[in-house]
Structures are given as C-alpha cells and as structure tokens.
Amino acid sequence: VNMQTIRMHVSRLGENSLITRDRMRIDVGAEFYASVIPDADAIARASQTLGKRTFQPDQLTALIDGMMIDALRSVAAQMSMDELHENRAEFVREVREALTDTLSRYGLQLDSVSLTTLDQTPFNSLDENNAFNAVGMRKLAEVIAQSKKERAEIEGDAQVAVRRAEVESNRRKLDIELEQRRAEIAQTQEIELLLAA
C-alpha cells in the first residue's frame, strides 16, 4: 500500500457541470489530495479495498471519482453561484467533510481539497430543454439584462455629470469675463469723469 499523498483531479464542465441552489450551472475543477490513514486497521482496509491502486492515481481516481463528484454536487446544490464564488473556503470545507467518512471506509484520509477552477458555465453549453438549465438561463438572462441596464444608467449619469461640469465651468468663465468687463467699464467711466472734471 502506497503511504504517500495521492493527487486526484476532478473536472465538471459544460453539460456535466454542477448545479447550484439557484439553478445556475458552474464549471468546476478540483484537486483532491488523499493518503492512507497511518493506522494498522486503515492500512488493512486500504490493502483489501484498494490494493495496488494506491500506486496508480488514475485507477484510484476512477474508483472514487463518483464519490468526489457526488460530494461536489451535494455541496454546490446547497449554495447559490454567488455564495459559492464568495465562500470558496466554505465550499471546500464542506466537500471535505462530505468525503471524510466515505473515504475512511477505504482506509483513506483526505489531506486537502483545492478548488482550481470555478466559473459560470457558458450559455452556449446549456440545453434550454433541460428544466434546470431553463431556470438558470432565465435567471442568467435577467442578471445580464439588469447589469446592462445598470451599466447604461451609470454611463448616462456619467455623461450628464460631465456635461453639467462643462456647463458649470463655462458659466463660471462667463461670470469672470462679465466681472472683468464691468471692471473695465467702471474704470473707463471713472477716467472720463476725471477728464471731464
């Protein structure tokens, strides 16, 4: 039995992506680092259930791939896409907890889980005839439309603010010119009064 840490990569993309609580699909890549528990009973379990697979990460991954995917799916289904993005550490912790008991039955312990990829599944990968996708696509369309509307409003507000600033600047310039002309006229009148006197 191999006692070293074994790295296993799981990737869920496109139509195989994970579905979040808010019915959005997300592409996820995760790395799982597992090792045989350094305990006589665990080593015996690992040798019985896994045997030489502990020396071949790809075969070990093939054996427990379903468990890792199930843990990823279960945890993703409890979080919205935004929550998952903002609380990656929480997501990883819950995935790890979900796998601990299952892997211990094989004499394995999960040393670490790393979330290597997390992104919204591209729109063109979604099947609109799938109920989960239909709900997610509607939400996605709403989010995109709302974002475009807000961006247009911000851009419009910015253009208005720039125009107002230009108008205010021109008004101040004209006020200064008017003040200068008044001063010139007042000076001219004063000179004429002095000359007339």
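Reader: How many residues apart are Glu168 and Arg172 in helix H5, and what does that mean in helical turns?

Author: This is a predicted model. Glu168 and Arg172 are four residues apart in helix H5 (residues 131-196), so about one helical turn separates them. Salt bridges that share partners also join Glu168, Arg171, Arg172 and Asp175 into one network.

Reader: Why can such side chains pair at all?

Author: Side chains of opposite charge can pair when their charged atoms come close. Here the side chains of Glu168 and Arg172 meet in a salt bridge, at 3.6 Å from N to O.

Reader: Where does Arg93 sit relative to Glu90?

Author: Both lie in helix H4 (residues 88-104), three residues apart, about one turn of the helix. Arg93 has a relative accessible area of 38%, and Glu90 has 29%.

Reader: Which parts of the chain does the pair Glu83 and Arg21 link?

Author: Start with the contact: Glu83 and Arg21 form a salt bridge, with the closest N and O atoms 3.2 Å apart. The pair links distant parts of the chain, 62 residues apart. Glu83 is in helix H3 (residues 81-86), while Arg21 is in the loop between strand S2 (18-19) and strand S3 (25-36). Glu83 is partly exposed at 27%, and Arg21 is partly exposed at 42%.

Reader: How many salt bridges does the count give?

Author: The count comes to nine salt bridges.

Terms used. Residues numbered from 1 in each chain as written. Predicted model: local features only at pLDDT ≥ 70, side-chain atom pairs only at ≥ 80, totals over all residues. Heavy atoms only, no water. Salt bridge = Lys/Arg side-chain N within 4 Å of Asp/Glu carboxyl O. Helix = DSSP H or I, 4+ residues; strand = E, 2+ residues; numbered from the N terminus. Buried < 20%, exposed > 50% of the residue type's maximum accessible area, 1.4 Å probe, protein only.
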